Amino acid sequence: MKRTAGLIYFYFFNAIQAVLYLLFYPAFVLLLGNIKYQHTGHRVRRFGCRAILFLTGARCKTIIEEKIDPAKTYIICCNHASETDIILALAGTPLYFGFLGKVELTKNKLLAIFFKHIDIEVDRGNNMQSVQVYKKSVQALESGKSLFIFPEGGIFENAPTLNPFKEGAFSLAIRHKVPIIPACMPDNWKNFPDGKKFAKPGKIRLILHKPIETSHLHKEDIPALQQQVFDLIEKDLLNG
């Protein structure tokens, strides 16, 4: 019975997501195509994600350890164990930001509009493309846009165990003196397990830790910063 209920909810959640996305899509086309209105486009995307969670009974709770200044630019580093992480990140993060996401997502014609205007696609198998990713990331930060990065580099099957972090986000933060916000989603891997036709409603949390300043750090500090963020996120996951 539990398995059947999980399957029904899985399809219900995805149906609501698809319907709302199609309803909002004309607004995305109108707003994201003009750089003056991209910030508004992001707010519409955030509202849409909140609507998805509300209509499906997934109660989003954001826990902010220290007040985040919306006028500042940050790099948010978070664990990644579910496709629903994107929705929760948008619904719960009180910042204007873009994702660094895998290039495969751009093959979806509906999602491609975000990578064209707000998000940045990453092809980890293409070393030449990584230079373009770096340039786009710097441009985004310089324009006042924060970046939301999943430093594990993908979704793996061993959730909630964290996989080793790639150093790109930390190198970028130190080089350009951008504070890092360690973030954790400790519930999505249980409520919306990746790759399974099962889901369940309930509380899903986004924990945003106190920003870590990087203005005093140098290249040799990358491993220590990487480990500090890893430890904070791992502790959240272990505490459930």
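Reader: How many cavities of 30 Å³ or more does a search of the whole structure find?
Author: You're looking at a predicted model, where local features need pLDDT of at least 70, side-chain atom pairs count only at pLDDT 80 or more, and totals for chains, interfaces and linings use all residues. Residues are numbered from 1 along each chain as its sequence is written, and side-chain values use heavy atoms, with hydrogens and water left out. A cavity is a set of points, on a 1 Å grid over the protein atoms alone, where a 1.4 Å probe fits but cannot get out. Counting those of 30 Å³ or more, the search of the whole structure finds one.

Reader: How much space lies in the largest cavity?
Author: Its lining, meaning residues with an atom within 4 Å of a point, includes Asn79, His80, Glu152, Phe156 and Leu237. A volume is the space filled by probe spheres set on the grid points, which are joined across faces, edges and corners. For the largest cavity, that gives about 70 Å³.

Reader: Which peptide bond is cis?
Author: Pro160 is among the residues that line the largest cavity, and proline 160 lies in the loop between β5 (146–149) and α6 (168–175). Those labels are DSSP runs numbered from the N terminus: helices are H or I with at least four residues, strands are E with at least two. Omega is near 10° for the cis bond, and that bond runs from alanine 159 to proline 160.

Reader: What is the volume of the second largest pocket?
Author: A pocket, unlike a cavity, is an open set of points with protein on both sides within 12 Å along at least five of seven lines. Among the 16 lining residues, the closest to the centre are Gln38, His117, Ile118, Ala140 and Lys145. α2 (38–55), α4 (109–117) and α5 (127–142) each supply at least two residues of the lining. The volume of this pocket is about 280 Å³.

Reader: How do the residues of that pocket's lining divide?
Author: Ala, Val, Leu, Ile, Met, Phe, Trp, Tyr, Cys and Pro count as nonpolar, Asp, Glu, Lys and Arg as charged, and the others, Gly among them, as polar. Sorted that way, the lining of the second largest pocket has six nonpolar, five polar and five charged.

Reader: Are α1 and α2 roughly parallel or antiparallel?
Author: Angles run from 0 to 180 degrees between N-to-C directions, with axes fitted to C-alpha atoms over the stretch in contact. α1 and α2 pack at about 165°, with their axes 10 Å apart. Under 35 degrees counts as roughly parallel, over 145 as roughly antiparallel, 65 to 115 as roughly perpendicular and the rest as oblique. The two helices are therefore roughly antiparallel.

Reader: Which residues in α4 meet α1?
Author: The axes of α1 (residues 2–32) and α4 come within 11 Å and cross at roughly 30°, which means α1 is roughly parallel to α4. Residues meet if they have heavy atoms within 4.5 Å. From α1 come Tyr21, Leu22, Tyr25, Phe28, Val29 and Leu32, and in α4 they meet Lys109, Leu110, Leu111, Ile113, Phe114 and His117.

Reader: Is the crossing of α2 and α3 left-handed or right-handed?
Author: α2 and α3 (residues 85–92) pack at about 115°, with their axes 8 Å apart. A crossing is left-handed if the near helix is turned anticlockwise from the far one by less than a right angle, and right-handed if clockwise. α1 and α2 have a right-handed crossing, whereas α2 passes α3 in one that is left-handed.

Reader: Which residue has a positive phi although it is not a glycine?
Author: Look in the loop between α6 and β6 (180–184). The phi there is about 55°, and the residue is lysine 177.
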